[in-house]
Amino acid sequence: MTFVQDNISGSVIVISSHVMRGSVGNRAAVFGLETLGFPVWAVPTIVMPWHPGQGPSTRLRFDGEAFDAAMGDLAASKWRGEVKAVLTGYFGSADQVRSVARLIRTLRENNPDLIYVCDPVMGDKGGLYVPIETAEAIRDELVPLATVSTPNRYELAWMSGAELDTNAEIMDAALALGPPKMLVTSAVPMMANGIGNLFLSGRHALLAEHRAIENVPNGLGDLLAAVFLARMLQGVDDEKALQLATASVFEILARTMKRGANELTLETDASSLSTPMAMVQMRHLLHPSRSKGK
């Protein structure tokens with residue numbers, strides 16, 4: 001009989017884009033999770049020389065049937081007992097989304113406590129940057145499976161079909177969408193010249209704010225989702241996880257900008273992931289259930 005040692009901290013399957021140069025997608029998420037002590041099974045959905053925001057480059061895509069077969073391999077793996085969580089980000093097609101949804105459902109048959117963090121990487125204030133069928137598949141197939149979803153405000157607005165101009169509207173949309181916990185980036189700040197991450201669960205409504213920085217590198221959302229997941233896996237409560245994850249990402253961003261780099265300097269700032277020192281303003285907001293007298 002083959003003995004398979006179960007990893008004490010638990011492995012994480014991370015499914016997103018891979019760039020050859022830069023710190024976005026899986027490059028950011030895998031680094032964040034491994035730095036905080038979690039082995040990663042890294043699955044690329046598309047491979048590019050660099051982020052499209054850095055200029056045109058060739059996209060290496062995967063055959064849909066081959067990708068689906070690889071997800072089947074993961075689902076049937078003799079090591080699947082190691083896996084405590086799944087994190088998804090950018091997808092190259094709607095077929096990939098459906099393959100990953102099957103993977104998550106299969107893993108949950110073996111481990112009902114599997115944590116799934118869905119970062120619905122599909123757009124920003126400029127609109128969708130994935131095909132609409134891919135965005136719809138993420139919304140309809142993956143978000144309902146999520147333990148936590150981490151959209152930016154514009155992705156949440158698209159998924160909910162509503163204009164989200166206030167944090168109250170963001171919270172209503174987050175509750176209506178369905179995951180037990182939502183972490184919405186680019187929320188409406190309460191401090192001057194700030195930017196906020198809004199966390200909502202069935203009991204808590206929290207806002208973590210820091211000063212806004214213009215013209216930032218890509219990858220911040222990928223990193224935030226990964227670090228927040230790592231803190232969840234460490235057993236940190238929601239408020240502390242939000243504070244630590246926000247502080248880590250802001251500190252790395254600030255240091256990157258000070259260096260004048262055009263990609264997040266993760267390799268230089270690993271200490272910001274484990275022991276962030278940046279100040280984050282934490283606020284408790286009125287939960288929608290209480291504001292409506294429920």
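In which sense, parallel or antiparallel, do strand β1 and strand β2 pair, and over how many bridges? In this predicted model, strand β1 (residues 11-19) runs alongside β2 in the parallel sense, and the two are joined over seven bridges. The points below place that pairing within its sheet, and then turn to a helix on the sheet and to a pair of aromatic rings.

**The sheet**

- Nine strands make up an open sheet with mixed pairing, and their order across it is β2-β1-β3-β4-β7-β8-β9-β10-β11.
- The edges of this sheet are formed by β2 (40-48) and β11 (281-284), each of which pairs on one side only.
- Within the pairing of β1 and β2, Ser 16 has Pro 44 of β2 as its bridge partner.

**A helix on the sheet**

- Helix α6 (residues 167-177) packs on the sheet, where it touches β8 (181-187), β9 and β10 (205-211), and the direction of the helix makes about 35° with that of β9.

**The aromatic pair**

- One aromatic pair is found when the whole structure is searched, and its members are Phe 199 and Phe 228, whose ring centres are 5.7 Å apart and whose planes make an angle of 45°, a geometry that counts as tilted.
- Because Phe 199 belongs to strand β9 (residues 194-200) and Phe 228 to helix α7 (residues 220-233), the pair ties together parts that are 29 residues apart in sequence.
- Phe 199 has a relative accessibility of 0% and therefore counts as buried, while Phe 228, with a relative accessible area of 1%, is buried as well, since the cut-off for a buried residue is under 20%.

How values were computed:
Residues are numbered from 1 along each chain as its sequence is written. This is a predicted model: local features need pLDDT of at least 70, side-chain atom pairs count only at pLDDT 80 or more; totals for chains, interfaces and linings use all residues. Side-chain values use heavy atoms; hydrogens and water are left out. Rings of Phe, Tyr and Trp (its six-membered ring) pair if their centres lie within 6.5 Å; planes under 30 degrees apart count as stacked, over 60 as edge-to-face and the rest as tilted. Helices (H or I, at least four residues) and strands (E, at least two) are DSSP runs, numbered from the N terminus. Buried means under 20% relative accessible area, exposed over 50%, partly exposed in between (1.4 Å probe, protein chains only). Two strands pair if DSSP finds at least two bridges between them. Contact means heavy atoms within 4.5 Å. Axes are lines fitted to C-alpha atoms, for helices over the stretch in contact, and angles run from 0 to 180 degrees between N-to-C directions.
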